[in-house]
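Biologist: I have the chain open next to me. Can you walk me through it?

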Amino acid sequence: MNLTMDEAKLKELKEFIDQCKANPSILSDPSLSFFRDYLQSLGANLPSSACGHEAGDSKSVTSYVMEESDEEVADDGEKINLEEEEEEIIESDIELEGDVVEPDNDPPQKMGDSSVEVNDENRDAAQLAKAKAMDAISEGKLEEAIENLTQAILLNPTSAIMYGTRASVYIKMKKPNAAIRDANAALEINPDSAKGYKSRGIARAMLGQWEDAAKDLRLASKLDHDEEINSALKKVEPNAHRIEEHRRKYDRLRKEKEDRIIERERRHRRAQAQVILLLFILC
């Protein structure tokens, strides 16, 4: 029902008032006690035939108005308690696959100074240190490989490949935070570094950061066709999809809850407006 009453209901109201004028005893009906109280609160003098024996026991109009403010009259006449609390939305756990590692909290590794001008001599020395690191990796001497790659980075801090390679060693050592720092450095130097995205994606997956991991690995896959990237992406994407579906589900539930609250408040305001209009007409 809109704020303006339709003609049929308005006609019924007028007929009821005419009947009350012709026969005030109609108002003695106990079900109209609230109406009698309201008329008397406005200073109306009702004839005794209108009051009946129930008049003294009727509720005050103040009480009636308060009750109406706390309840909403639905379209079918059923009252809905507006004080009733909405059921809390409790998110369920997501079943994810894959192992994660404890974050490494070691002090940050040494990083090169990107403002340093690299000459040919330093560049050659960096390549020699990298070669030693690759030999150490093949022999499983990861700490030694880190030392040589750190030396290479200090000699040539403008090489994204050096950072990317050291990041891959940190991944082998299960130090994802260190790997992410190196991957970030590689990407600052070369935003199109497939090795940087690959290392960071794998490191993020080790930490259970599935969505970010999937994003990095997708970028790496676009930049370079690498079986290791594709293999890592196949392991990461199912979890990323589950998280995305989970978020969409509960975003939808929260939106539906907000819509219910808005609709309930709208109906309450409409009911209040109808009461005000009815009282205005009766005056």
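Modeller: Let's start with N148, which sits in helix α6. Helices (H or I, at least four residues) and strands (E, at least two) are DSSP runs, numbered from the N terminus. This is a predicted model, in which local features need pLDDT of at least 70 and side-chain atom pairs count only at pLDDT 80 or more, while totals for chains, interfaces and linings use all residues. Residues are numbered from 1 along each chain as its sequence is written, and side-chain values use heavy atoms, with hydrogens and water left out.

Biologist: Is N148 buried or exposed?

Modeller: N148 is buried, at a relative accessible area of 11%. Buried means under 20% relative accessible area, exposed over 50%, and partly exposed in between, with a 1.4 Å probe and protein chains only.

Biologist: What is N148 in contact with?

Modeller: Leaving aside neighbours within four places in sequence, N148 is in contact with A129, K132 and A133. Contact means heavy atoms within 4.5 Å.

Biologist: Stepping back, how many helices and strands are in the chain?

Modeller: The chain has eleven helices and two strands. Along the sequence they follow the pattern α-α-α-α-β-β-α-α-α-α-α-α-α.

Biologist: And how much of the chain is buried?

Modeller: Of the 283 residues, 33% are buried. The chain exposes about 17,900 Å², with carbon and sulfur atoms supplying 50% of that. Those areas come from the Shrake-Rupley method with a 1.4 Å probe; for residues, only the protein chains shown count as cover. As for contacts between residues at least 6 apart in sequence, 61% join residues at least 24 apart.

Biologist: Now α7. What span should helix α7 have, and how far apart are its end C-alpha atoms?

Modeller: Helix α7 covers residues 160-172, and at 1.5 Å a residue its 13 residues should span 18 Å. The expected span is 1.5 Å times one less than the number of residues. The end C-alpha atoms of α7 are 19 Å apart, which agrees.

Biologist: How many residues of α7 are buried?

Modeller: Ten of the 13, so α7 is mostly covered. Among them are M162, Y163, R166 and Y170.

Biologist: What do the buried residues of α7 pack against?

Modeller: They pack against four helices: α5 (120-138), α6 (142-155), α8 (176-189) and α9 (194-206). After α7 comes K174, which has a positive phi, near 60 degrees.

Biologist: Changing topic, how many salt bridges does the structure hold?

Modeller: It holds 16. A salt bridge is a side-chain nitrogen of Lys or Arg within 4 Å of a carboxyl oxygen of Asp or Glu.

Biologist: Which residue does D216 pair with?

Modeller: D216 forms a salt bridge with R200, the closest N and O atoms being 2.9 Å apart. D216 lies in helix α10 (residues 210-223) and R200 in helix α9, so the pair ties together parts that are 16 residues apart in sequence.

Biologist: Are those two buried or exposed?

Modeller: D216 is buried, at 2% relative accessible area, and R200 is buried too, at 15%.

Biologist: What about E139?

Modeller: E139 forms a salt bridge with K141, with the closest N and O atoms 3.2 Å apart. E139 is exposed at 52% relative accessible area, while K141 is partly exposed at 40%.

Biologist: And R248?

Modeller: R248 forms a salt bridge with E245, with 2.3 Å between the closest N and O atoms. The two are three residues apart in helix α11 (residues 227-282), so about one helical turn separates them. Elsewhere, salt bridges that share partners join K198, D226 and E228 into one network.
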